[in-house]
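Subject: Structure for your attention

Dear colleague,

Please find below the structure that I am handing over to you. My findings follow it, arranged by topic.

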Amino acid sequence: MTPTPALDPVTRYATDVVARIVVACYLVRLACQRHLNDLEQATAKGLLWKPEDAQEAIDFFPAVLCLPEETDVDEDVEAAEDVSPEGGTPFVLTPFQQFIVGSLFGWFSVRVSKKTGARRVQQRFRIAFLLGGKGCGKTPLGAGIVTT
């Protein structure tokens with residue numbers, strides 16, 4: 001099966017998970033379905049999806065963050081201290097990480113003042129909770145989210 005083409009990686013991942021092209025647990029499927037439902041009902045719910053902001057946050061990770069090269073345990077401690085981010089590999093987000101980052105930085109709430117009619121746009125999500133297995137990139141993902 002081929003991935004579904006979409007304008008942005010967040011919506012593409014959500015579409016693939018809901019279509020069961022990408023294997024994911026029940027709660028991830030619900031989150032992806034919520035993303036797709038919110039795209040359809042954004043105006044009625046007072047939401048705004050900015051795929052360019054989501055893409056900008058996703059592009060930040062490999063451009064700025066580098067993972068240090070893994071070293072053997074037997075190597076000298078001094079050599080491990082000399083590891084610099086410039087010598088590491090760029091942290092390229094996997095599709096599920098792109099969904100997380102894109103969802104956090106691409107969705108906005110729109111509030112309209114009843115008195116003045118002025119629109120106030122603010123980020124929709126302020127808190128994120130991430131569970132994942134060992135080695136799935138939680139620490140660098142969290143570091144990048146805090147830095148973004």
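A search of the whole of this predicted model finds four aromatic pairs. A pair of aromatic rings is described by the distance of the centres and the angle of the planes. For Trp49 and Trp107 the ring centres are 5.1 Å apart and the planes meet at 45°, so this pair is tilted. Trp49 belongs to strand S1 (residues 47-49) and Trp107 to strand S4 (residues 107-112), so the pair ties together parts that are 58 residues apart in sequence. Both Trp49 and Trp107 are buried. Another aromatic pair, Phe60 with Phe61, is edge-to-face, with 5.9 Å from centre to centre and 85° between the planes. Ring pairs also bring in Phe91, so that Phe60, Phe61 and Phe91 are linked into a cluster. Phe61 has a relative accessibility of 0% and therefore counts as buried.

The charged end of Lys50 sits over the ring of Phe108, 4.6 Å from its centre. Arg124 lies over the face of Trp107, at 5.4 Å from the ring centre.

Arg124 also has a polar partner. The side chain of Asp38 makes a polar contact of 2.7 Å with the side chain of Arg124. Asp38 is located in helix H2 (residues 26-40). Is Asp38 buried or exposed? Its relative accessible area is 1%, so Asp38 is buried. Leaving aside neighbours within four places in sequence, Asp38 is in contact with Lys45, Leu47, Trp107 and Arg124.

With a relative accessible area of 2%, His35 is buried. Its side chain is joined to that of Thr11 by a polar contact of 3.1 Å. Not counting residues up to four places away in sequence, His35 touches Val10, Thr11, Ala14, Trp49, Phe99 and Trp107. Both members of the tilted pair, Trp49 and Trp107, are therefore among the residues that His35 touches.

I turn next to helix H4 (residues 51-64). H4 has 14 residues and reaches 20 Å from its first C-alpha to its last, close to the 20 Å expected at 1.5 Å a residue. Which residues of H4 are buried? They are Ala54, Ala57, Ile58, Phe60 and Phe61. These residues cover an arc of only 140° around the axis, which puts them on the same side of H4. An α-helix has 3.6 residues a turn, so residues three or four places apart point the same way. On the other side of H4, Glu52, Glu56 and Ala63 are exposed. The buried residues of H4 pack against helix H1 (9-18), S1, helix H6 (95-106) and helix H7 (138-147).

Helix H1 is mostly covered, with seven of its ten residues buried. The buried residues in H1 are Pro9, Val10, Thr11, Tyr13, Ala14, Asp16 and Val17. They pack against H2, S1, H4 and H6. At the start of H1, a side-chain oxygen of Asp8 reaches to within 3.2 Å of the backbone nitrogen of Val10.

Within H1, Tyr13 has a relative accessibility of 10% and so counts as buried. Tyr13 and Phe99 are 86 residues apart in sequence, and their C-alpha atoms are 6.6 Å apart in space. Not counting residues up to four places away in sequence, Tyr13 touches Val22, Val28, Cys32, Pro95, Phe96 and Phe99. Phe99 is also among the residues that His35 touches.

The last point concerns the residue Arg20, which follows H1 and is placed in the loop between H1 and H2. Most residues other than glycine have a negative phi. Phi of Arg20, however, is near 65°, a positive value in a residue other than glycine. At 58% relative accessibility, Arg20 counts as exposed.

Yours sincerely

Note on methods:
Residues are numbered from 1 along each chain as its sequence is written. This is a predicted model: local features need pLDDT of at least 70, side-chain atom pairs count only at pLDDT 80 or more; totals for chains, interfaces and linings use all residues. Side-chain values use heavy atoms; hydrogens and water are left out. Rings of Phe, Tyr and Trp (its six-membered ring) pair if their centres lie within 6.5 Å; planes under 30 degrees apart count as stacked, over 60 as edge-to-face and the rest as tilted. Helices (H or I, at least four residues) and strands (E, at least two) are DSSP runs, numbered from the N terminus. Buried means under 20% relative accessible area, exposed over 50%, partly exposed in between (1.4 Å probe, protein chains only). A charge sits over a ring if NZ of Lys or CZ of Arg is within 6 Å of the ring centre and within 35 degrees of the ring normal. A polar contact is a pair of N or O atoms within 3.5 Å; within protein, one must be able to donate a hydrogen and the other to accept it, and residues adjacent in sequence count only if both atoms are side-chain atoms. Contact means heavy atoms within 4.5 Å. The expected span of a helix is 1.5 Å times one less than its number of residues. The arc is that of the directions from the helix axis to the C-beta atoms.
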